[in-house]
Structure formats: C-alpha cells, structure tokens
Amino acid sequence: MRATETLIPTLKETPAEADIASHVLLLRGGFIRRLASGLYTWLPLGVRVLRKVEAIIREELNRRGAQEVMMPVVQPAQLWRESGRWEAMGAEMLRMKDRHERDYAMSPTHEEVVTDLARRVLDSYQRLPVNLYQIQTKFRDEVRPRFGPLRAREFTMKDGYSFHLDDDSFERTYQDMRDAYSAVLRRVGLDFRAVLADGGNIGDSESHEFQVLAGSGEDVIAYCPESDYAANLEMAEAVAPAPSDAAPLELAKVATPDCRTIADVAKFLAVEPEHCVKTLIVRGAETPLVAIVLRGDHELNLTKAGRLDAVATPVAFAAETDIRTALQCSPGSIGPVGLAMPVYADRAATALANFVCGANDEGYHLTGVNWRRDAGGAQTVDVRNVVPGDPSPDGKGTLQFARGIEVGHIFKLGVKYSEPMGLSVQNGAGEDVTLTMGCYGMGVTRLVGAIVEQCHDDAGIIWPAAVAPFDVHIVALGYDRDAAVHEAADAFLNACEERGIEALLDDRDERAGVKFAEADLIGAPHRVTIGARNLKRGLVEYKPRHEGQGDLAPPERIAERIAQAKNT
C-alpha cells in the first residue's frame, strides 16, 4: 500500500480534546476522528487494527466452540420490560419511538434480545449447551465521555451468551471463556490480570474482569505478585488479622470536646488511628438504620456493604438529622457499645482489644473497649477496602495495587434473565428446567485504546505485531526525484507482498524528518529506509520500532528477516 493512495490524516499538534496518550496518538496518527462527544469515525489505519483484533477474538472463541450471530442494534422495549430493566437502566439507555409510537432502545447490551432468541430456537435439551457471540455496535449515553475509545458513547463490543441445563455445564464454558479472553490478550501482547469482580446491574454472582495494566487506568486492582490472585478494589477480600491477646483494660468514658473525626480523637487521646474504630450509620433494608464499624484507618467498601442482608441497596448513608433523632448525638460521637440497631463490624475492627470508640453521647468517647465484654452483638464481616501490604487471600504473599483498564468482563447470569423471560426446556426426564446463562463481553474499540495506552513512547505508538496496521513502514527518501530510490522502493514493496508482509510505502514528496516522525507516530513494528547513499552500496537501513538503533543490510535479507519475525 502506498501513502499517496491511503487516507492517513496525521496531526502535528496535540488536539485540545485529548488528555491521555492513547487518545492523543490515535488522533495524531490518523486512526480516528471525532464526530461529536463520545462518537468517533475509524479511519483506514484504525479499521485495519480493529479487524485484526476482531480476527484474533473470533479465532479464540471459535476454537472453543462459540458460534457467531448478529443481532439487531435497535431493540423493542417490550423485551426490556419483561426483564425489568427498561427503567432500571436509567439515562444511559438511548430510548426512541418509531412512526407508530412504539418504544425502542439503541442497544447498550443484548441480554434481553439473546434470551428471546434462545426461547424461540432452543426447543430441546439436546441443543445444549450453546455459546453464541457477536461483534456489534453498542450505545451507552455516558454522562462524561472521555479518553477517546476508552470511554465513548458508541463503541464496538464483542458480547457472548451461553445457555446451560445446569451449573456444571456453565462452569466448563465459563472456564473456556476465561481461557479464551486470556489467550486474546496474550496474543495482542498485553500485560493484564483477570480479576475477581462485582457483577453490577448485569450479572448475578460469579464474575471476572480483564484489566490491562496502565497508569492511566480508571480502575484500581489488588494483586499478589507471588501468585495469580487479583481482584478489583470492590471485590478484594480483606483477610482477618489475628485477634489481639492484650489483657482487657477497664472501660472508661472520657470527654473529647470538638473531636468529630478519627484524626481529632486520635490526636486528643494520643493514640494511633488504628486503635480507634469509627461507626458509620446507613439505611437499613428492614430497620431504619444499620451500623457498620471499621478500624479508624480503614475505608468502607460500598460494594461489600451492599451485599449485607440488613443494608438497603444502593447503600445510602443516613442523614445527620435522622442520626441525631435516633441517638441524640452527632455522627462523630457514635460507637457500637449499647447501640440499639443491627451492627456489622469489619474483621480488622473485631480483632482489636482495648480500643477507642464513640460513647453515643455528644462530646464523649469510650476507651478500653472490648467486643465480647462491651459490644458482643456485632456481626463480623469483611466490609473494608484492602490496602497495599495486606495479606493475599490465597496465603501466598501480600497485596499490591496497580491501575487497570477494563477491556473484558465475564459473568454468571444464572436465571436473572431466563426466569422472568420464560426461557426453559425439558430435560431428558421430561421436566421443565429454567436455563442457566453466562455472559462474556470484550470491548473491541476499547481494547485498541488500551493497547496504545500500554504500547507507546514519546514518539508515538509501538503496535504489537499481531494487531499493527502494517508490518513494515517503508520510508523512501527522494522517491519522486531519484530513479534508483523509486525502483528499489517499488521492488522492496513487491518483495514484501510476495512474502505476505503488509507494507506501507511512504512515496510522498516530504522531507526525511517528516517521514521519520510520522513512521514513529503510526508505529508499525519494522521500518525500512531506502536512500540514495546506502543504495549505492546495495544496502537499506532496517530499524525495529521498539529499538533505538538500526542496521544496514541488502533488501532481500531485510525482507526475509521481517517475514521470519512475522511468522514466529
């Protein structure tokens, strides 16, 4: 392919709209252009990358028995009302009416549509299990679209759905999809973690996210360098510490004037924050209020709190007026001793002895508090965020934190959609069985952004070979002015094509510096420079994109070297 025949509208300056590396480089390299907020046109180079990513995804899924379908982007509201999600999805769902005033949605996801498809075509248990997927356009009306393809409103997504008679069948497919996603990310050359995750408003219980490690990632993941354990911050388990064996001290009530925070109390009483507890009051599911107790230096994990039976979801902190009415004190003076409401205490808090807590009396705290003697009604739970250095739940080391970009998510849906939508088949004994479902999503356009975020330098993109728009960028210096350069560049392009090497020949009338800068910006794995001086010796310059220095060799040898690299 020749640059003079290809639309590659590179930019010299960083667009004002872009504030992370992938967004900047995809715009500057001529891969995408913005149409409106969160909406992007993918240009020829970008489409080449997308198609390669899609091909890898298809290969890994097909290898594991998944079958490709294509479902409509526009979906009737009736299906969403059956599942109960027409209102639950909120403002991010783009709703519309047709000419007959019937309600439709622009697809944010396809659980309802695929469940409807399954109840129409899965007429026998002998067709099960079945695993269907598509690579399709989605639209979610993000409140704040940003970061280019990483958080766009319209995007391309691979979404897949499996159907099973029982959990054992589901678990086998779930592991297949976990293996497939891991294989995709390894093939595109990324450093990633498969992390335990929360199912959110789509899933039921079991869930894994696939996080590409990058400093610009919006998600924080906790992982153990000594093992495979990884979880997002919402799901990372905080291991219970060993309980204190300190001898109980006498319980005492002390005045703590103007102390409304843990930091205030710790300073006033000359103790460390980790020897104090804080008591948070949230709204209850069956009682007006519920207390959650944490060690003073720890933070509440809202996802974990939302899974407590007594806590209303979504988790909402009680208003100060309600707290004062119920307890006759401000939030800064609350403690678990004598508290007349359900009390949940985090594992780390219940390991303490002789700790400090609020006295449920304005301006007072208790010292020397011990759970069994003074506040025995609390239920011990894991309800805090882990912190770096915490023991790994698998017992193989300690946790560290990294930032990640979520590019894939697999769920156990259970019967969340099949039950309300009446998806069942008769098993071999003639009994009606509601089907268990799985869901497997991977953001294709998002994955391209994540690749660039992890694979770039100050000069531009460094595409992994498996997804690069071209294998080699041929820089011809003086192509229009030097017949020898012209002939050699054309010959090298032909040699590449004969060997199955995808090549871009820069045959433009541009200065050498411009051509080199744009080659680095676009980021093909290999660069070959053909100039008059080296040609006189029968040589061209070869330089891998990720290395600083190049070397000289005859064109035939360079073509063979690139072909070998492509096929390894």
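Predicted model: local features only at pLDDT ≥ 70, side-chain atom pairs only at ≥ 80, totals over all residues.
Residues are numbered from 1 along each chain as its sequence is written, and side-chain values use heavy atoms, with hydrogens and water left out. Local features need pLDDT of at least 70 and side-chain atom pairs count only at pLDDT 80 or more, whereas totals for chains, interfaces and linings use all residues.

The structure holds two cavities of 30 Å³ or more, a cavity being a set of points on a 1 Å grid over the protein atoms alone where a 1.4 Å probe fits but cannot get out; grid points are joined across faces, edges and corners, and a volume is the space filled by probe spheres set on the points. At least two of the lining residues come from each of α13 (512–522) and β28 (526–530), where helices (H or I, at least four residues) and strands (E, at least two) are DSSP runs numbered from the N terminus.

The second largest cavity, with a volume of about 40 Å³, is lined by F147, L150, S216, G217, E218, I405 and R446.

A pocket, in contrast, is an open set with protein on both sides within 12 Å along at least five of seven lines. The second largest pocket holds about 260 Å³ of space and is lined by 20 residues, among which K278, T279, L280, P331 and G332 lie nearest its centre. Two or more lining residues are given by each of α6 (262–269), β14 (277–283) and β17 (355–358), and the largest share, five residues, comes from β14.

Definitions and conventions:
1 Å grid on protein atoms, 1.4 Å probe; cavity = no way out; pocket = protein on both sides within 12 Å on 5 of 7 lines; lining within 4 Å.
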